Amino acid sequence: MKVILSEENQRLFHYELECILRMFLPQVRVDFLPQGGEGEDRVLVETSREGDLSRNRVSLFWEGFSGSEEELSGAGGKEPELSVCRLLYRLLSRGTGRSIQWGTLTGIRPVKLVRELRERGMSPEEIARMLGEKYLVAPEKVRLALLTDQVQQPVIERALPHGYSLYVSIPFCPSRCSYCSFVSHSIEKTRKLIPEYLEKLEEELAYAGRIAGEMGLTLQTIYMGGGTPTVLEAEQLERLLEAINRSFDRSRCVEFTVEAGRPDTITREKLAALARGGVDRISVNPQTLNDQVLRQVGRRHTARQFWEALEIARTFPFRAINVDLIAGLPGDTADSFRSTLDQVIAAGPENITVHSLTMKRAADMIGEKNLHLNGFSPAGEMVNYSQRALAEGGYLPYYLYRQKSTVDSLENVGFCKGDTPCFYNVYIMDETHTILSTGGGGVTKVVLPGNRIERIFNYKYPYEYISRFQNILERKDAFKALGLSNEISR
C-alpha cells in the first residue's frame, strides 16, 4: 500500500496513519511517498490551509474499492492529524466492511487518556462525547475505559510522591509457547545458566536497593515476572526472595506479586517458599482449559494440572490469586472460550485477566494462516462475552492496555473482585511512578516532572546479562544520575 502525502505531512502524520492502516490491513506492506502510486493500491492525503481552518481530504484505492472523504478541522495542534485519521478510518471501514471498536485511538493506554481528561476537569459525559466524536471509539469501549478509570482511581491516589515499584525478571520458561514474544528461554536449553544468572541478579538487586535508598525513594510494590519465575527450584526461590528482602526496605510496600504462570511448574514446596518470603499475590495461568488448544500452542500442561495447582495455591494465605486467559488462540472457538471462562469464574479467583492474542515478530506463529489476522477472528466475540460474564460474576475492570498486532485491535483487561486490584499493574500501565527493573530484559522507566519518561534497558538475553553484567550496574548508576538531576515524581 502506497501512502502519498507531502514530506511535511509525512513528518506530521506518518506514525498514526501507519498504525490505522495496520489495524485494518495487518499483513500489507506500507510505503510512504511524496508522489506517485498511480494504478496501485494507495492512499492519497491532501491538506490545505483556509484561514484558521485546515481542509483535509483522503482518498483510498484498494482491491477494486475507491472512495474519498473530506472535512474541515482546526489548523492548529493535532487537529489536522486527528481529522486525517478519521477520514482514513472511515474509508478503510467502508472498503473492508469492518470496524475497529477503539476507533482511531492507536495508543496502548486509553485509560490514561481518560484520567488526564478527567483531571483537566472534563465530566464523564464530556469525555465520552470526545472519545466518540473525535476518536470514533465505540460506545461499549468508552464505557469500559470510563469504568476502568473509576476503579483504578483509588489505587493511583495511593501512589506516594517518591514511590516506586520493583520489577524482577526471571526470563526462563519450561517451554516456549508458540504465540509468545517475551524475552524468555526454554530451560531445556538454558538450565545451566540459571545458577550464574541468579548470582548476578542478587548482586544487581543489592546494588539497586542501595541506590534507591540513597535517593530517598519509597518502595510500594514488587512484581516478579518473566518468563516463569516458578521454573526455579524452591531453594532458589527462597534464596532470591531473601536477597530482595535484604536489599530493599519493604516497610511501606503494599504488595508482592509473583507470576507463577505455568501450572506445571507449581509445587507445594515452591509456594511455601513464596509465602515465607512475603509474597501475597500469585498468578496461575492456564490461558485456556481446552487441552487440544494447549497442545497446539505448545503449553506442556493440561487443564487438570491447572485445577491441581489452583487447589494447592488456595492452601496458602495469598491475598489474591490471578488467572490469565487468552482470547483468540489458534484452534479455540467461541464456545470453547466461553466454557473456559465460565469454569474460571465459578472457581472465584480474586483476579481474572483476559488477554487478546497478540502476534509479534518474535512469535513462532507469525505467518500461519489460522491466525485470523485479516479480521475474521472470533476473539472479538470472546472478549465481548468475557466482559459481560465477568460483570455478572461481580468482577470490575481495574487496568486495561492495548498492544500492536493484537487480533482485531482488541484490548487486554484485568478484572478484580472486591478490594483486590494489583497495584503494580495499575502503576505500570498508568505510568504513575518509576519502575525500577532488574534482571534480563528489564526496562527501568523513570517518571520525571512534566510526565517525562526516561528508559534504561538491561540486556535482553540471560547470556548477555551474565557476560556484560558490569554494564548493567553502570546503567543503574545512570538511573541514580537521572533521579538526582531531575526530581523523580509521580
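**Exercise 1. Find the contacts of N425 and decide whether N425 is buried or exposed.**

Step 1. Skip the neighbours within four places in sequence; N425 is then in contact (heavy atoms within 4.5 Å) with Y223, Y398 and Y399.

Step 2. Look up where N425 sits: helix α14, residues 423-430. Helices (H or I, at least four residues) and strands (E, at least two) are DSSP runs, numbered from the N terminus.

Step 3. N425 counts as buried because its relative accessibility is 13%. Buried means under 20% relative accessible area, exposed over 50%, and partly exposed in between, with a 1.4 Å probe and protein chains only.

A word on the source before going on. This is a predicted model, in which local features need pLDDT of at least 70 and side-chain atom pairs count only at pLDDT 80 or more, while totals for chains, interfaces and linings use all residues. Residues are numbered from 1 along each chain as its sequence is written, and side-chain values use heavy atoms, with hydrogens and water left out.

**Exercise 2. Describe how α3 is covered, and what follows α3.**

Step 1. Count the buried residues: seven of the 10 in α3, so that the helix is mostly covered by the cut-off for buried.

Step 2. Name them: P110, V111, K112, L113, V114, R115 and L117 are the buried residues of α3.

Step 3. Look for the cover, which includes α4, α5 (139-157), β14 (396-402) and α14.

**Exercise 3. How many cavities of 30 Å³ or more does a search of the whole structure find, and what lines them?**

Step 1. Rolling a probe the size of a water molecule over the atoms shows where empty space is left. On a 1 Å grid over the protein atoms alone, a cavity is a set of points where a 1.4 Å probe fits but cannot get out; a pocket is an open set with protein on both sides within 12 Å along at least five of seven lines; lining residues have an atom within 4 Å of a point. Grid points are joined across faces, edges and corners, and a volume is the space filled by probe spheres set on the points.

Step 2. The search finds two cavities of that size.

Step 3. The largest cavity has a volume of about 40 Å³. Its lining is made of R109, V111, K112, Q152, Y399, L400, M429 and D430, and α3, β14 and α14 each supply at least two residues of that lining.

Step 4. The second largest cavity holds about 30 Å³ of space. Y427, I428, E431, H433, I435, K445, V447 and I453 line this second cavity, with α14 and β17 (443-448) each giving at least two residues.

**Exercise 4. Which helix gives the most to the lining of the second largest pocket?**

Step 1. This pocket has a volume of about 690 Å³ and is lined by 23 residues, of which E16, L105, G107, L113 and Y135 lie nearest its centre.

Step 2. Four helices each supply at least two lining residues: α1 (7-24), α2 (79-96), α3 (110-119) and α4 (124-134).

Step 3. Of the elements, α3 gives the most, with five residues.

Step 4. Sort the lining: 10 residues are nonpolar, three polar and 10 charged. Here Ala, Val, Leu, Ile, Met, Phe, Trp, Tyr, Cys and Pro count as nonpolar, Asp, Glu, Lys and Arg as charged, and the others, Gly among them, as polar.
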